[in-house]
Protein chains: 2
Amino acid sequence: MPDDSRSIDDVAAMMARIGREARAAARPLALAPDTAKTAALRAMAVALRARAAAILAANAEDVAAAGDLTPAFRDRLTLTPARVEAMADGVDAIAGLPDPVGRVLAQWTRPNGLAFERVATPLGVVGVIFESRPNVCADAAALCLKAGNAAILRGGSESLRTCAVIAEALRDGLRAGGLPEAALQVVPTRDRAAVGAMLAGLDGNLDVIVPRGGRSLVARVQEEARVPVFAHLDGLVHTYVHGPADLAMAKTLVVNAKMRRTGVCGATETLLVDRALAATHLAPLVTALLEAGCEVRGDAAAEAVDVRVKPATEADWSTEYLDAIIAVKLVDGLDEAIDHIEHWGSHHTDAIVTDDAAAAARFLAEVDSAIVLHNASTQFADGGEFGFGGEIGIATGRMHARGPVGVEQLCSFKYRVRGQGTVRP
Amino acid sequence: MPDDSRSIDDVAAMMARIGREARAAARPLALAPDTAKTAALRAMAVALRARAAAILAANAEDVAAAGDLTPAFRDRLTLTPARVEAMADGVDAIAGLPDPVGRVLAQWTRPNGLAFERVATPLGVVGVIFESRPNVCADAAALCLKAGNAAILRGGSESLRTCAVIAEALRDGLRAGGLPEAALQVVPTRDRAAVGAMLAGLDGNLDVIVPRGGRSLVARVQEEARVPVFAHLDGLVHTYVHGPADLAMAKTLVVNAKMRRTGVCGATETLLVDRALAATHLAPLVTALLEAGCEVRGDAAAEAVDVRVKPATEADWSTEYLDAIIAVKLVDGLDEAIDHIEHWGSHHTDAIVTDDAAAAARFLAEVDSAIVLHNASTQFADGGEFGFGGEIGIATGRMHARGPVGVEQLCSFKYRVRGQGTVRP
């Protein structure tokens with residue numbers, strides 16, 4: 001069981017050491033061939049399966065020690081044999097991705113004969129601060145490793161025992177690939193000063209922080225971090241049904257976008273319906289949602305559809321329910337829809353449902369969100385669904401990474417320039 | 001003459017307003033077609049030429065008011081008719097670049113039929129804090145505009161009058177293109193609190209800061225900014241001559257890399273020579289540098305070449321001279337060269353001169369600098385030489401932009417996803 005009785009000074013010294021060790025390991029990792037990284041990841045998956053019993057035992061201790069938990073929290077914290085297997089499968093899937101490092105992103109030759117290449121390089125040291133889900137430990141470590149980055153992982157204090165055993169399995173894998181174990185640092189203390197040290201950047205030894213957890217964690221990291229952050233604070237996601245739109249398709253999309261899983265950041269929270277469709281589409285859409293078990297909070301037009309519809313207040317346009325609740329509003333055409341989304345949205349994911357190609361093109365161009373969709377469910381906001389083979393999170397910032405952050409977005413780049421004794425006049 | 005007698009409260013309110021206005025203008029600018037941006041840029045160039053006399057008069061006032069200046073500072077501050085013309089030419093060149101916004105950076109289709117596109121979008125609001133060179137005002141404004149970004153420019157207090165007139169010309173151009181004048185904000189005060197407000201991020205209305213000026217400005221911005229920064233603190237650039245290397249080519253490259261212009265960040269500051277070339281290349285290289293008027297500070301081997309060579313101390317390996325001075329050192333092969341560069345360098349620009357393709361490949365892979373060159377002068381570290389049509393600066397950070405920052409690096413991206421009523425299972 002990891003020690004959590006250190007003094008603040010001890011924690012500061014420990015975090016400084018973790019930063020230095022990660023930085024030192026980042027260089028050999030950056031230069032490691034893909035064969036070594038793949039071998040390490042395959043061995044990690046094997047070790048996770050081999051240590052499944054130990055992982056589950058540690059997890060049972062964590063769950064027992066956590067005491068009174070909400071059912072949702074307990075579900076996030078608890079591992080099962082199937083979840084450990086899924087964790088190992090995820091690491092295997094990342095092992096099978098093409099190496100993102102060394103990809104030639106662009107190449108060109110200048111009139112003086114200089115040949116330029118922009119090639120992907122690792123970012124350096126990635127810090128991940130996560131809450132209750134222990135699987136993030138394996139996912140994040142695997143994504144960072146594939147992209148040639150050292151990782152510093154700080155899990156929730158409730159999952160400390162589980163993560164310690166998972167980390168042993170991951171280090172088994174690093175050894176098997178001949179890679180430095182220091183490339184994976186798991187912060188072994190419950191002391192919150194460890195988070196503060198990461199937010200301060202570990203003396204320049206941390207290049208980016210990815211918070212994975214609830215809104216208050218993300219808000220604190222975005223507020224206090226002195227290093228770049230890949231994150232989204234909210235996922236206030238809209239689906240806008242614009243005329244002409246096939247009603248059957250619109251119903252299917254809206255119900256999927258809201259109800260497939262209500263707790264994910266890509267779940268639609270607000271349905272906008274074009275006023276031109278008020279007579280034809282509004283009632284069937286609202287009814288379909290109610291029948292799917294969704295609470296509907298509507299403007300006057302939506303309220304008039306069904307006695308079960310509750311009146312929406314202004315707060316509903318800015319609430320990410322993460323639950324089986326949706327806000328519904330009529331809008332006067334594309335401009336009002338875009339204005340509503342720009343005003344109330346969180347620049348995460350927004351969709352238009354329409355058969356009008358010109359309206360779709362305008363929506364995709366003018367809605368300033370990381371992900372904009374046409375005739376597709378907002379629940380596709382996920383790195384796996386993008387084909388990234390996994391994601392460390394979804395970012396709504398505009399710098400470096402935006403949308404799902406996969407191995408390619410965990411890379412930087414550099415320029416290779418080749419001449420023939422070429423001098424600048 | 002701009003007002004510089006405001007109270008701190010006035011400055012805070014003014015900067016907050018500048019941030020809000022820039023943010024509001026960023027959206028129409030982001031959606032502006034390239035025809036409008038190009039028209040605005042062409043009109044800016046015309047207006048700069050038309051206002052040349054007023055710009056020069058304001059500049060003469062700035063120079064007179066600045067009082068005692070070093071010759072280098074006076075040179076940077078002073079505009080001439082030719083420099084105004086060059087400024088207009090630069091804006092015209094940026095007008096002619098392809099639109100960086102809307103480029104499809106990647107596209108793919110998933111097995112479920114979803115079609116993905118990653119497309120370039122503007123970053124938002126770019127802040128530029130610059131010192132004495134008034135031409136940065138026009139260059140930076142033009143680059144930001146081409147990339148669809150609003151810009152907030154804060155020039156050195158010595159060039160305030162000059163920049164005010166240049167800004168009038170630039171706003172003429174925005175009007176001519178039908179674009180919001182608020183997209184270009186020039187901070188009209190000498191008060192340093194304006195810089196503090198920008199470093200604090202203008203209430204979230206500033207997305208990135210680019211400092212252009214001396215080391216102390218860059219250091220302050222990197223230290224204090226609460227928003228991302230594109231910059232380099234140092235350009236401690238190396239050229240490494242590795243055997244076998246053609247001596248004539250090596251001499252030409254080294255003299256150009258050091259002496260073409262000694263004050264630019266891509267100028268070589270340290271020459272590393274492989275010990276295998278001590279007998280054949282060291283003396284001719286040192287002699288060529290001395291004959292070109294360069295002061296040489298060498299290790300024992302270099303000192304033995306010529307009485308004019310001064311002994312190097314450890315400080316020389318970490319000094320960016322920005323002058324006709326070079327440090328010279330023998331190294332034991334590629335590994336020691338790379339280690340020296342990683343230890344003392346600034347991850348900006350480094351070059352190898354060699355006929356050995358394998359050594360060159362290792363150097364280009366293992367030296368962790370924004371720009372790595374083989375058989376080419378380090379003085380090519382420049383966005384214009386890269387074919388970017390201009391640069392707002394050179395970055396040594398690993399996030400978002402690295403190396404010369406041109407219009408493409410002043411962009412973010414988003415994902416456009418098109419389905420056919422596609423739902424997520």
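User: Which residues does B:Ser377 touch, not counting residues up to four places away in sequence?

Analyst: This is a predicted model, where local features need pLDDT of at least 70, side-chain atom pairs count only at pLDDT 80 or more, and totals for chains, interfaces and linings use all residues. Residues are numbered from 1 along each chain as its sequence is written, chains are lettered from A and ligands numbered from 1 in the order written, and side-chain values use heavy atoms, with hydrogens and water left out. Contact means heavy atoms within 4.5 Å. On that basis B:Ser377 touches B:Leu253, B:Asn256, B:Ala257, A:Thr422, A:Val423 and A:Arg424.

User: Is B:Ser377 buried or exposed?

Analyst: B:Ser377 sits in the loop between strand E13 (371-376) and helix H15 (383-386) of chain B; helices (H or I, at least four residues) and strands (E, at least two) are DSSP runs numbered from the N terminus. Buried means under 20% relative accessible area, exposed over 50%, partly exposed in between (1.4 Å probe, protein chains only). Because its relative accessibility is 1%, B:Ser377 counts as buried.

User: What relation superposes chain B on chain A, and which C-alpha of chain B is nearest the axis?

Analyst: Copies are superposed by least squares on the C-alpha atoms of residues with pLDDT of at least 70 in both. A rotation of 180° with 0.0 Å of shift along its axis places chain B on chain A, RMSD 0.0 Å, so the relation is that of a two-fold axis. In chain B the C-alpha nearest that axis, 1.9 Å from it, belongs to B:His400.

User: How far apart do the C-alpha centres of domain 1 and domain 2 of chain A lie?

Analyst: Domain bounds come from an automatic or database domain assignment. Chain A is divided into domain 1 (8-230 + 405-416) and domain 2 (237-385). The distance between their C-alpha centres is 35 Å.
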